[in-house]
Amino acid sequence: TSLTLSSTAYTYNGKVRKPTVKVKDSRGKTISSAYYSVSYSTGCKNVGKYNVTVKFKDVYSDFKSITKTFTINPKSTSVSKLSAGSKKFTVKWKKLTTQTTGYQIQYSTSKKFSGAKTVTVKKNSTTSSTVKKLKAKKTYYVRVRTYKTVSGKKYYSSWSKAKSIKTK
C-alpha cells in the first residue's frame with residue numbers, strides 16, 4: 001500500500017493546514033476512505049513538522065498503519081532597499097516577527113548564486129545588515145529568507161527575489 005499527501009510543504013498563514021490523503025493498494029488501485037481512518041498531529045498550524053497517520057480497518061485491517069510527514073515553513077520576506085558603499089553594501093528587508101526566529105542573507109557575484117556566501121541574522125526584530133570586505137566596483141546579487149527554529153531544527157522560507165547592487 002502507498003500513501004500520498006496532497007502537499008508535503010506549506011507556508012505559514014496562521015490557519016490549520018492539513019493535506020488530503022490518497023491511499024492505494026499494491027496493485028495501484030485507490031482504496032476507499034471507508035476502509036481507513038486518518039489522524040493528524042495536534043496543532044498543524046505553526047511552523048514545524050507534522051505527521052499524518054492512516055489506520056486501516058475492515059478487510060484491510062491486517063495492513064500496517066502508514067505515517068507520512070509534512071512541514072509548515074515560515075513566510076518569506078523581501079528585500080526593500082539595497083545601498084552601496086565602498087567595498088560594502090547594506091541590505092534592508094521587510095520585518096516579519098510572527099513565526100520567525102531570524103533571517104538569512106545570501107549574496108554572490110553570480111546571478112545563479114553559485115559560490116554564494118550566507119549571513120545569518122539571529123534576531124527577528126532586525127531589519128537591516130551591512131556586508132563588508134567585498135570587492136570594489138563589483139556587482140553583487142542579494143536575496144533574503146526567514147527561518148524559525150523548532151526543537152533545534154531550522155525551517156526556512158523560500159528565498160526572496162534577488163536584487164543587484166554595485167559596490168563603490
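Which strand is threonine 90 found in? I looked it up, and threonine 90 belongs to strand β8, residues 88-93. Strands here are DSSP runs of E with at least two residues, numbered from the N terminus.

**Ground rules.** I am working with a predicted model, in which local features need pLDDT of at least 70, side-chain atom pairs count only at pLDDT 80 or more, and totals for chains, interfaces and linings use all residues. Residues are numbered from 1 along each chain as its sequence is written, and side-chain values use heavy atoms, with hydrogens and water left out.

**Threonine 90.** I checked its side chain next and found a polar contact of 3.0 Å with the side chain of threonine 130. Such a contact is a pair of N or O atoms within 3.5 Å; within protein, one must be able to donate a hydrogen and the other to accept it, and residues adjacent in sequence count only if both atoms are side-chain atoms. Leaving aside neighbours within four places in sequence, threonine 90 is in contact (heavy atoms within 4.5 Å) with Lys81, Leu82, Ser83, Ser129 and Thr130.

**Strand β1.** I then turned to residues 2-5, where Leu3 and Leu5 make up the covered face and Ser2 and Thr4 the uncovered one. Four bridges join β1 to β3 (residues 21-24), and the two run antiparallel. Leucine 5 has valine 21 as its bridge partner in β3.

**The open sheet.** I traced four strands in the order β2-β6-β5-β4, with mixed pairing; strands pair if DSSP finds at least two bridges between them. β2 (9-11) and β4 (36-40) are the edge strands, each pairing on one side only. From one strand to the next, the twist averages 25 degrees, with axes fitted to C-alpha atoms and angles running from 0 to 180 degrees between N-to-C directions. Five bridges join β4 to β5 (residues 48-56) in antiparallel fashion, and serine 39 has threonine 53 as its bridge partner in β5.

**Cores.** Which residues touch the most other members of the largest nonpolar core? I noted Val23, Tyr36, Phe56 and Phe70, out of 19 residues. β1, β3, β5 and β6 (66-73) each supply at least two residues of this core, and β5 gives the most, with four. A nonpolar core is a set of buried Ala, Val, Leu, Ile, Met, Phe, Trp, Tyr and Cys residues joined through side-chain atoms within 4.5 Å; buried means under 20% relative accessible area, with a 1.4 Å probe and protein chains only. I also looked at phenylalanine 70, whose contacts beyond four places in sequence include Leu5, Tyr10, Tyr40 and Val52.

Technical notes: Buried means under 20% relative accessible area, exposed over 50%, partly exposed in between (1.4 Å probe, protein chains only).
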